[in-house]
Amino acid sequence: QVQLVESGGGLVQAGGSLRLSCAASGSFFSIHTMAWYRQAPGKRAELVADISSGGSTNYTDSVKGRFTISRDNAKNTVYLQMNSLKPEDTAVYYCSADVRAWVLGALHNYWGQGTEVTVSS
């Protein structure tokens, strides 16, 4: 089993910064793509950013230049540095990871429980 635990959410004023962390724990062979999603009230979840095991990154257009995704493979942790936050960034942020349980196993996708980010105007 794999557990993903997010931290770092909170209340911040517009223009401020937050850093989210998501640590994976449990028994597994390797972690591949890790990602951050968010879901605002009344809206569908959207992909914010993802990062491959080799460090390649992708961002949704609305956060480019403001958010940075990174990972520490030794700690099985992914981060999301969020700068210049806007009220429209308010959402519950979830991390996701594609995990291989054993060397020849299939990839399985896991999600954390979410951490709330509120940006006041």
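What share of the contacts in the chain between residues at least 6 apart in sequence join residues at least 24 apart?

1. The share is 55%, a contact being heavy atoms within 4.5 Å.

2. The model is predicted, so local features need pLDDT of at least 70 and side-chain atom pairs count only at pLDDT 80 or more, whereas totals for chains, interfaces and linings use all residues. Residues are numbered from 1 along each chain as its sequence is written, and side-chain values use heavy atoms, with hydrogens and water left out.

3. The chain has 11 strands and 0 helices; these are DSSP runs numbered from the N terminus (helices: H or I, at least four residues; strands: E, at least two). The radius of gyration is 14 Å, close to the 14 Å of the globule rule for 121 residues, so the chain is as compact as a globular protein of that length. That radius is taken over C-alpha atoms, and the rule is 2.2 Å times the number of residues to the power 0.38.

4. Of the 121 residues, 38% are buried, that is, under 20% relative accessible area with a 1.4 Å probe and protein chains only.

5. Asp89 lies in the loop between strand S8 (77–82) and strand S9 (91–100). Its relative accessibility is 1%, so Asp89 counts as buried. The side chains of Asp89 and Arg66 are joined by a polar contact of 2.7 Å (a pair of N or O atoms within 3.5 Å; within protein, one must be able to donate a hydrogen and the other to accept it, and residues adjacent in sequence count only if both atoms are side-chain atoms). Beyond four places in sequence, Asp89 touches residues including Arg38, Phe67 and Val119.

Technical notes. Buried means under 20% relative accessible area, exposed over 50%, partly exposed in between (1.4 Å probe, protein chains only).
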